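This report looks at how parts of one protein chain pack together. Please keep the sequence and the 3D structure in view while reading.

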Amino acid sequence: MGEPVRVLLADDEALLRGTLRLLVDATPGMTVVAEAGTGREAVALARTHQPDVVLMDIRMPGTDGITATGEVTALPDAPRVLVLTTFDLDEYVYRALRAGASGFLLKDTPPVRLLDAIRMVAAGEALLAPSVTRRLIAEFARMPAARRVSGRLDGVTPREREVLTLITRGLANAEIEQHLHLSRGTVKTHIGRLMTKLAARDRAQLVIAGYESGLAE
């Protein structure tokens with residue numbers, strides 16, 4: 001077994017942090033390295049402790065979770081950020097992904113799903129539930145066309161564009177394989193090339209690139 005996944009908890013509710021710490025520390029293969037009660041603390045502790053994953057609450061006093069996410073993901077050897085949210089925060093979803101978040105979890109997520117999510121994000125996968133992806137599309141549809149970025153897909157092949165379109169619509173790799181009649185290895189190769197060409201850290205950033213290039217419409 002390799003090194004444990006190092007987790008930083010950032011939430012202004014001490015009770016929730018305590019519960020999360022107990023859960024994570026009791027799980028083989030992961031450990032809590034620090035706790036932050038504000039966005040500012042989260043950035044400072046991420047710099048000091050170099051966690052693999054930051055569980056980031058969006059609503060915190062002072063520096064909010066979105067600003068903190070942008071600062072954390074700009075650090076050298078940046079950790080992945082998993083945003084903790086409640087259903088009433090739709091308007092933040094797109095902004096947090098733009099800031100570099102790798103995914104979202106609702107605060108009432110069952111513990112087993114939370115732990116799976118930490119593992120997935122630590123492994124470099126994005127965590128975008130279909131419901132979040134649908135809300136993202138709705139949010140994007142409301143944005144003025146002028147804010148969208150054209151020319152972002154220069155150098156992307158037609159096949160890569162097809163793969164990116166399906167990623168943007170929230171399809172998993174297995175679904176993309178079936179849809180395009182491609183092997184698992186071929187799909188992974190296309191995704192790797194898309195990440196390089198679009199300077200994307202993970203799948204969530206590919207989704208953003210797809211939205212901004214109009215592929216969700």
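The model is predicted.

**Nonpolar cores**

The largest nonpolar core has 27 residues. Those with the most contacts inside this core are Ala10, Val54, Met56, Val72, Val83 and Phe104. Several elements each supply at least two of its residues, among them the strands β1 (5-10), β2 (30-36), β3 (53-57) and β4 (80-85). The helices α2 (39-49), α3 (65-72), α4 (90-98) and α10 (203-212) also supply at least two each. The largest share, five residues, comes from α4. There is also a second, separate core of 20 residues, which includes Val156, Leu164, Leu194 and Val207.

Leaving out residues up to four places away in sequence, Val54 touches Leu8, Ala10, Val72, Pro79, Arg80, Val81 and Leu82.

**Helix α2**

Which residues of α2 are buried? They are Gly39, Ala42, Val43 and Ala46. These residues cover an arc of only 95 degrees around the axis, so they lie on the same side of α2. The elements that cover the buried residues of α2 include β1, β2, β3 and α3. After α2 comes glutamine 50, whose phi is positive, near 45 degrees.

**Two helix pairs**

Two packed helices are described by the angle between their axes and the distance between the axes. The table gives both values for two pairs.

| Helix pair | Axes come within | Crossing angle |
|---|---|---|
| α2 and α3 | 9 Å | roughly 15 degrees |
| α1 (residues 14-25) and α5 (residues 111-122) | 11 Å | roughly 70 degrees |

The axes of α2 and α3 cross at roughly 15 degrees. Angles under 35 degrees count as roughly parallel, so α2 is roughly parallel to α3. The crossing of α2 past α3 is right-handed. In this contact, α2 contributes Gly39, Arg40, Ala42, Val43 and Ala46, and α3 contributes Ala68, Glu71 and Val72.

For α1 and α5, the crossing angle is roughly 70 degrees. Angles from 65 to 115 degrees count as roughly perpendicular, and α1 and α5 are therefore roughly perpendicular to each other. α1 passes α5 in a right-handed crossing. Here Leu20, Leu23 and Val24 of α1 meet Pro111, Leu114, Leu115 and Ile118 of α5.

**Valine 5**

Valine 5 lies in strand β1. Is valine 5 buried or exposed? Its relative accessible area is 15%, and under 20% counts as buried, so valine 5 is buried. Valine 5 and valine 53 are 48 residues apart along the chain, and their C-alpha atoms are separated by 7.5 Å. Not counting residues up to four places away in sequence, valine 5 touches Gly29, Met30, Thr31, Asp52, Val53, Ile118 and Ala122.

**Positive phi in two loops**

Most residues other than glycine have a negative phi. Aspartate 77 has a positive phi, near 50 degrees. This aspartate 77 is in the loop between α3 and β4. Its relative accessible area is 68%, and over 50% counts as exposed, so aspartate 77 is exposed.

Histidine 181 also has a positive phi, near 55 degrees. The loop that holds histidine 181 runs between α8 (173-180) and α9 (184-197). Histidine 181 is exposed, because its relative accessible area is 72%.

Conventions:
Residues numbered from 1 in each chain as written. Predicted model: local features only at pLDDT ≥ 70, side-chain atom pairs only at ≥ 80, totals over all residues. Heavy atoms only, no water. Core = buried A, V, L, I, M, F, W, Y, C linked by side-chain atoms within 4.5 Å. Buried < 20%, exposed > 50% of the residue type's maximum accessible area, 1.4 Å probe, protein only. Helix = DSSP H or I, 4+ residues; strand = E, 2+ residues; numbered from the N terminus. Contact = heavy atoms within 4.5 Å. Arc of directions from axis to C-beta. Axes fitted to C-alpha atoms, helices over the stretch in contact; angles between N-to-C directions. Parallel < 35°, antiparallel > 145°, perpendicular 65-115°, else oblique. Left-handed = near helix turned anticlockwise from the far one by under 90°.
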